[in-house]
Amino acid sequence: MSPPRRVISRTLAAAAALVVLAATAGCGGDAAADGAQAGELRYQGSVGQVTLPELAADLGYLGDVKLNWIGNVTGGPQDIQATATGQSDFGGAFNGAIVKLAAANAPITAVVSYYGSDAQTFQGYYVLDGSPIRGPRDLIGRKVGMNTLGAHAEAVLKTWLARGGLTPAEIKQVELVALPPVNTEQSLRQRQIDVAVLGGVIRDKAVAGGGIRTIFTDFELLGAFSGGTYVFRDDFIKRNPETVRAFVTGVGKAIEWARSQPRETVVARMRDIIGKRGRNEDPSLVAYWKSSGVAGRGGVIGEQEFGTWIDWLAAEGELKGERPKPGDVYTNRFNPFVDGGSA
């Protein structure tokens, strides 16, 4: 059974409380006693896939900053919680999940976009070919499988349902099921769920297998947009501004490198990275890579990429008290690509 959203909200609040306590206790060995800035960044990766920081490191775009893989992520909210509590130095998630954690008083700041949706790379909501599901009202009483609750897939789905005329009471009748991305397609084909949310290379692989069709995509609903960003703790940023700048610059350059290269070149590089890191992974997923989907040049964050989800969370009753402003949650000051610049 998947956890209800109130459990996720309590977890985010608990993560915020923990990071405040950690900061008060002087937690954080991320800068040397002599004032030198951190030269290593702890992070969580993704099985069978190459993250933008990993690509940036392999291309030499991070300079002297090294990456230290500490395990694989189970979902965006968990990734940024690990960053907020000091278990990792940076993490990435859907912008709405970042807003929720920041609104719970976690001192984190988003610094660069890392995924999004465009005509090539998007999250789609898929059913089996023979399914009677065609529109929003057909989802009442149905099960929708997605990678994590309280994040991108849920926000987009509920936006689509609301625009389709469903009332809040009817939307609550759509059952959301959290599933690992690698298992979501199988759950759909075995009819354990009625709709599968599939994105990126996992979506492309599932579509190539045939027998499924889309009912809508986030790109069709919202157009091209960046959906998620990497965050650092504010105390880390204060002590290590040049490390953060090197990270943001490197990720931005990796985004533009991937955008400018033939797809086959990017895929070959990713396959090589997976082979070299020795994590006993299946590299077949990267063959389906098409783009990062990041909208802004070099991962520059647009105000609406947070504003849209602040408005949605407020309408859902997820934000208590005064709603945050987008500028309270993210910054582009470390990104050399802002205002048309280049790295």
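Asp194 is partly exposed, with a relative accessible area of 24%; the term covers values between buried (under 20%) and exposed (over 50%), computed with a 1.4 Å probe on protein chains only. Arg142, at 28%, is likewise partly exposed. The two residues form a salt bridge with their closest N and O atoms 3.7 Å apart, where a salt bridge requires a side-chain nitrogen of Lys or Arg within 4 Å of a carboxyl oxygen of Asp or Glu. This pair links distant parts of the chain, 52 residues apart: Asp194 belongs to the loop between helix 7 (181–189) and strand 8 (195–199), and Arg142 to the loop between strand 5 (123–128) and strand 6 (143–146). Helices (H or I, at least four residues) and strands (E, at least two) are DSSP runs numbered from the N terminus.

The model is predicted; local features need pLDDT of at least 70 and side-chain atom pairs pLDDT 80 or more, whereas totals for chains, interfaces and linings use all residues. Residues are numbered from 1 along each chain as its sequence is written, and side-chain values use heavy atoms, without hydrogens and water.

**Salt bridges**

The count comes to 20 salt bridges. Three of them are tabulated here.

| Pair | Closest N to O distance |
|---|---|
| Asp194 and Arg142 | 3.7 Å |
| Asp204 and Arg203 | 2.8 Å |

Arg233 is buried, at 4% relative accessibility. Through shared partners, salt bridges also join Glu54, Arg277, Arg279 and Glu281 into one network. In the Asp204 pair, Asp204 is buried at 9%, and Arg203 is buried at 5%. Arg203 also lies over the face of Phe122, 3.8 Å from the ring centre; such a charge has NZ of Lys or CZ of Arg within 6 Å of the ring centre and within 35 degrees of the ring normal. Arg279 lies over the face of Trp69 at 4.0 Å from the ring centre.

**Aromatic pairs**

The structure holds 13 aromatic pairs, defined for rings of Phe, Tyr and Trp (its six-membered ring) by centres within 6.5 Å, with planes under 30 degrees apart stacked, over 60 edge-to-face and the rest tilted. Tyr114 and Tyr230 are stacked, at 4.3 Å centre to centre and 20 degrees between the planes. Tyr114 lies in strand 4 (residues 108–117) and Tyr230 in strand 10 (residues 225–233), so this pair ties together parts 116 residues apart in sequence. Tyr230 is buried at 5%. The rings of Tyr230 and Phe247 have centres 5.7 Å apart and planes at 75 degrees, and are therefore edge-to-face. Phe247 is buried, at 0% relative accessibility.
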